[in-house]
Amino acid sequence: MDLNVIVAQIGAARPKIAARVYQRQGNHKFDDRLTLGRNGKAQLCRRNYGEAAGVVYTLNGRVAPGGAFAWNTAACAYTGDIEAPVALTGTDAHGALEFDGGRFAWAPLRDEKAAKELRLTRVKVLLGK
């Protein structure tokens, strides 16, 4: 499997979207979300649940020409173990992704609209239209 195929599907989506957000499924103590943009940029955000709720780390990267993630771990301030997916190993009929042969699927959560469309919406709201 190649992540470039998934990026191309996001770019070809109609109505036009800027990115697709995936959420890691399964029973674990973190809320992991992966945002994959139509331009090949990626962002992984890990959050805590409960009393210590908040962002643990945010990791930026891109889809490399070989079809795997290239994460910029040097720019991440978090010093603990970073569990970031690398290679896509499978998909299912519902659009969920599986990375590195893992036991957790990453299910599509939502699509993000293009920034230009969002700005127009905000202007309409401010003007009351």
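This is a predicted model: local features need pLDDT of at least 70, side-chain atom pairs count only at pLDDT 80 or more; totals for chains, interfaces and linings use all residues.
**Ground rules.** I number residues from 1 along each chain as its sequence is written. Local features need pLDDT of at least 70, side-chain atom pairs count only at pLDDT 80 or more, totals for chains, interfaces and linings use all residues, and side-chain values use heavy atoms, with hydrogens and water left out.

**Confidence.** I looked up pLDDT (the predictor's confidence in each residue, from 0 to 100). The chain averages 85, and 88% of the residues score at least 70. Over residues 120–125 the pLDDT is below 50, and beyond near neighbours in sequence that stretch has one contact in the model (contact means heavy atoms within 4.5 Å).

**Helix α1.** I took helices (H or I, at least four residues) and strands (E, at least two) as DSSP runs, numbered from the N terminus. Which residues of α1 (residues 3–12) are buried? I found Leu3, Ile6, Val7 and Ile10, where buried means under 20% relative accessible area, exposed over 50% and partly exposed in between, with a 1.4 Å probe and protein chains only. They sit on the same side of α1 because they cover an arc of only 100° around the axis; the arc is that of the directions from the helix axis to the C-beta atoms. The buried residues of α1 pack against several strands, including β1 (17–24), β2 (30–37) and β4 (54–63). At the N-terminal end of α1, I noted aspartate 2 as a cap, with a side-chain oxygen 3.0 Å from the backbone nitrogen of asparagine 4.

Two strands pair if DSSP finds at least two bridges between them. Strand β3 (residues 41–48) pairs with β4 in the antiparallel sense over eight bridges, and asparagine 48 stands opposite glycine 54 in β4. Their hairpin has five residues between the strands, and glycine 50 in the turn has a positive phi of about 75°. Next I followed β4 to β5: three bridges join these antiparallel strands, and tryptophan 71 in β5 is the bridge partner of glycine 61. This hairpin too has five residues between its strands, with glycine 67 in the turn at a positive phi of about 95°.

**Aspartate 32.** Is aspartate 32 buried or exposed? At 2% relative accessibility, aspartate 32 counts as buried; its place is in strand β2. I then checked polar contacts (a pair of N or O atoms within 3.5 Å; within protein, one must be able to donate a hydrogen and the other to accept it, and residues adjacent in sequence count only if both atoms are side-chain atoms). The side chain of aspartate 32 makes one with the side chain of arginine 24 at 3.0 Å and another with that of arginine 46 at 2.8 Å. Not counting residues up to four places away in sequence, aspartate 32 also touches residues including Tyr22, Cys45 and Trp106.
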